[in-house]
Amino acid sequence: MRAPALQGVAIVNASRRGFLKAGVGLTLVVVAGGAAAQAGPGKAGRANAAAPFVPNAFVRIGTDGSVTVIAKHLEMGQGAYAGLATLVAEELDAAWPQVHVEGAPADASRYNNLFWGPAQGTGGSTAIANSFDQLRQAGAAARAMLVAAAANRWGVPAGQVSVAKGIVSHPPSGRRATFGELAAAAARLPVPREVKLKDPQDYVFIGRRAPRLDSGPKTNGRAIFTQDLRLPRMLTALVAHPPRFGARVRSFDAAKARAVAGVADVVAIPSGVAVVARDFWTAKTARDALGIEWDEAAAFRLGSAEIVAEYRRLAATPGARARRDGDPAAALAAAARRFEAEYEFPYLAHAAMEPMNCVVQLGPGGCEIWNGAQMQTGDQRAVAAALGLAPHQVKINMLFAGGSFGRRANPGADYVLEAAEIAKALAGGPHAGRPVKLVWTREDDMRAGWYRPLFVHRLEAGLDAHGDIVAWQHRLVGQSILAGTPFAGALVKDGIDVTSVEGASTLPYAIPNLGVELHSPKLPVPVQWWRSVGSTHTAYSTETFLDELASAAGRDPVELRRRLLDKHPRHKAVLELAAQRARWGTPLAPGEAGERRGRGVAVHESFNTFVAQVAEVTVRADGSLRVDRVVCALDCGLAINPDNIAAQVEGGIGYGLAAALHGAITLAAGIVEQSNFHDYRPLRIDEMPAVETHIVASAEPPTGVGEPATPVIAPAVANAVAAATGKRLRRLPFEGEALRA
Amino acid sequence: MTEFDLNGRRVRPDASPDMPLLWVLRDRLGLTGTKYGCGIALCGACTVLVDGQPARSCVTPLGAVAGSRVTTIEGLSAGQSDRVSRAVQDAWMRLDVVQCGYCQSGQILAAVALLRAKRRPTDAEIDGALAGNVCRCATYQRIRAAIKDAARVLG
C-alpha cells in the first residue's frame, strides 16, 4: 500500500465550483452556525444536505470562528483526527480550542489517499505522511485569504497583517479581528495559486503535544460508533454464517425465528441467512432458533496442523525469487558453520473491540452507508456492483471505528457488502427502505476469516571461520493477501506479493550472499492485512535468527547489528538510541529466587519508520513469562505529535505482544476453533510492560506510526527469553512453549 | 415490568426480565455509552455500576437489577458530590488515555469503582481491579497513570 510521489495539490474556491473536478481542493465555506459535533451520527451528512455549500475540501471556517477540519482518514484510535487537524492548524495559525474535526464523505475525487492514486482509504500508516503537504497547503491558503480579507477591510498592506492563535491583527494600528469576523469576506476572495509554507523553526503545533480532539466524547460515552448509530425506523440484522469456509446455505427453516416477537424478516443472502428484527437481542434470539442445512460440497476441511505440514514440505523446495544477492547456495555449501531454523506463525484475527457492523439504507437515489469506513472507494465499488448502482450513488458516512487494525479495510468489502445484501433482500417486502444495522457478535467476528495469513519460514545461514555471516537463505510460505485484489497490479510482481516478503526481502544487514524465496499456496481461508502486514512475521524470523547467529558467533547482539548496518544510518541510529536508553551491556537487576531475567533487542523498518526495541523479561520458576519493560526508539521523520507517537508505540507494542504471547486462530477440519476472548486471548492490563518511547529528532518528511512498533516486540521478547533461558522460541504464540528451567 | 434507578431516575423499560441489561440500556433506553464487546463477560466493555459495584451488563438480566441503582457512563460526574468520577474523567482527558475509545466507558467505570473503594491503589491493585477490562489498543499504561493521577487529585 505504498506509492511514490505526492501528487500536485490544486486549490480552488467555492465560488468556482466548476474547477472542483480538477482534483484536491481547498474551500473556505462560510457556515451560519458553528462547527458540527465531531463525527457525530450522520451529522456531516445532514449538515451537508442543508448547508449552502457542500464542504468539499479540508477546512471550513464558521462565522462563529470555529475551524472545522474535514478528515479524509478514519479515526480508529491511531490519532489521525488530531494529527490531520494539527497540519491545518499549524499553517492557519489557529488556536487549538477552536479546531474541530469532521469525517469526510466518500469521494475519491477530493479525498483520495495521495499514496494510493485515485482511491480513498486509510491504511499502511499513511494518514499523516500522504497529507503532510496537502493539509498544510490547505491551512496556509485559508490563512492567506483571511489575511487578504483583513488587509482589504483595514486598507493596509497584507504584508503587515499577522495571524496568531486564531486572531488576525495589524500590529502598527492595533487592529484585530477573529476568524469568524473575517470568514464571510474571505470566502469571496480568490484562492491563492501558491502559498508559502512555514519555516519549520516557526512551528507552534508540529512537534508539540496537541490534545486529542476525541478524548472528550470518548471519555463521557457520547462518541458515536457504528454500533451506536440510531436512525428512525432502523432494524438490526444478525447473520448466520456457514461453519466452514466455502459452504453455502442449502435450505433453512425460519418458522421458529419468525415466531419471535419483534422479528421483521428472515432472508437468504449470499453469505448466509439474515434475521432482521427490532433490536439486537430479538435478532440474536431468533437467529439461535433458525434451522439451517448447509451445503458443504465445496467446503474447506483442512486443519492448521495439515496446513503447517504442507507448508513445511514446501519450505524445503525452491520458491519464487524475491531477492538474490551473490550466490547463497554456494556460500552456504562453503561456509565453516551452518545453521537452520523453521518458524511457524498462526492465523491471527484482528479482534477489534467493536465487532464488525455497518448501517445501510436504500433509497430511490441510491444507497447510504454509515460505518467506520476504512476503504471507501473499494466499498463504493463493491456495493454499487451488488445493487446495480453507480459508485457515486453509494454515499458513505465515516464514523469512529472501535479499532480496526486493518480489518475494516477489507479488499472484498465483506461485511459492508453483507449489510447491503440484507437491505437489498428487504427491498421487495414491507420493510423496504428502512435502515438496517448489521451487527456481528464477537463469535461471528472471530470466525469470519480475513486473518493474518498462517506462515512457515525456513532460514539457513552460514558463518565463515571468523564467525562472520557469509550466507543467508530465507524461504517463506504463506497465502498472498493481495492476489486477486485491486492492489495486485501494483504490488504483486513476478509472483511475489510484496506484503508477503516485506521485511525479509528488504533485510538491511550487510550479508554478501542473501536469498529470499516465496511460496504462495492458494487456500480458501480469507486473509487480510493485519497491523504491520508482512512485518508481523518477517521481523520475527529475521531478528531472532540473527540473534541466534550472534550468539553462535560469540558476538554481542547490538554490536553485531551495528556492524552490519553501516549503510543504513537510520536503522543504526534507532538501535544505538534504544541500546543506550536501555543501558544495554549493564547487568539487569536480578529477579526473585527461581526467576531468570534477560534483555533482548530487535530492529526493524516498516512503512518507512525505523524502530528498535529492547525488552526486559522475567521467566518465573514455573516457566511463565513476564515482559517487564520495553525501551523503544523510533525514527518516523518529523515528529508531528510526540505524545501521540508515544501512544502508538505503547499500543502497538501491546497489540504485538498479545499476538506473541497468546494469539492464534486455528482450524480443525476446516472449522475455526476459537470464538471469543477466552480462547483468543487479548493482552490484559496485568501483562502490559512499562514502555518508554524515544524519538529520533529528524527533519525528514513524516512517516507512519500506527503500525511500525507492532512487529518489533515479539522478536525483542524472544531474544530476551533466549538470553534468560537459552531457549529459542520458533513457534508463535509463545503460550504453551515450555520455558521451565 | 422491572423498575430500577438509572443514573438517578426511576425507569421501567419495556423489556422482558431475562433480556440482558446491556441491550435494555442500548436498544430500549437509548443509552449507547455502554458497549457490546463479547457478550459473555470476558471483556468488560459493558461495565456498569450496580449499587456501586462494577457489573457486566451483557450477562446481567434486567430482572436482576429490579430495585437497584444502576450507573452508566452517561450518569458519571452528574452529582455535586461525585468528585471521584470527575477526577477520573479529567485524568483520562489530561493524559489522552483513549485511542479508539470503544472500551473506555467500561475502563472508566471500573476505575471509578476502584478509587471509591481505595484512594491510593498500588499498581498491583490497579491491575487486579482492571484485569477484566480489555483494551485492544492497549492503552493500559495510560490507564494506570490516569488512575494514579486521579488519586493524586483526590488527595
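Mentor: Helix 16 of chain A and helix 20 of chain A are roughly parallel to each other, a class that covers angles under 35 degrees, with over 145 being roughly antiparallel, 65 to 115 roughly perpendicular and the rest oblique. The model is predicted: local features need pLDDT of at least 70, side-chain atom pairs count only at pLDDT 80 or more, and totals for chains, interfaces and linings use all residues. Residues are numbered from 1 along each chain as its sequence is written, while chains are lettered from A and ligands numbered from 1 in the order in which they are written.

Trainee: How roughly do the axes of helix 16 and helix 20 of chain A cross, and within what distance do they come?

Mentor: Two packed helices are described by the angle between their axes and the distance between the axes. Here the axes of helix 16 (residues 535-552) and helix 20 (residues 710-725) of chain A cross at roughly 25° and come within 8 Å. Axes are lines fitted to C-alpha atoms, for helices over the stretch in contact, and angles run from 0 to 180 degrees between N-to-C directions. Helices (H or I, at least four residues) and strands (E, at least two) are DSSP runs, numbered from the N terminus.

Trainee: Which residues of helix 16 and helix 20 of chain A make the contact?

Mentor: Among them are A:Tyr540 and A:Glu543 of helix 16 of chain A, and A:Pro715 and A:Asn719 of helix 20 of chain A. Contact requires C-beta atoms, placed from the backbone, to lie within 7 Å. By class, this contact has eight nonpolar, four polar and two charged residues; Ala, Val, Leu, Ile, Met, Phe, Trp, Tyr, Cys and Pro count as nonpolar, Asp, Glu, Lys and Arg as charged, and the others, Gly among them, as polar.

Trainee: What order do the strands of the open sheet in chain B have?

Mentor: Strands of a sheet pair through backbone hydrogen bonds, either parallel or antiparallel. The five strands in chain B have the order 2-1-5-3-4, with mixed pairing; a pair needs at least two DSSP bridges. Strand 2 (9-11) and strand 4 (53-56) of chain B are the edge strands, each pairing on one side only. From one strand to the next, the twist averages 40°. Strand 3 (residues 47-50) of chain B runs antiparallel to strand 4 of chain B, joined by four bridges; B:Val48 has B:Ala55 as its bridge partner in strand 4 of chain B.

Trainee: Which helix packs on this sheet?

Mentor: Helix 3 (residues 104-117) of chain B does, touching strand 3 and strand 4 of chain B, and its direction makes about 35° with that of strand 3 of chain B.

Terms used
Contact = placed C-beta atoms within 7 Å.
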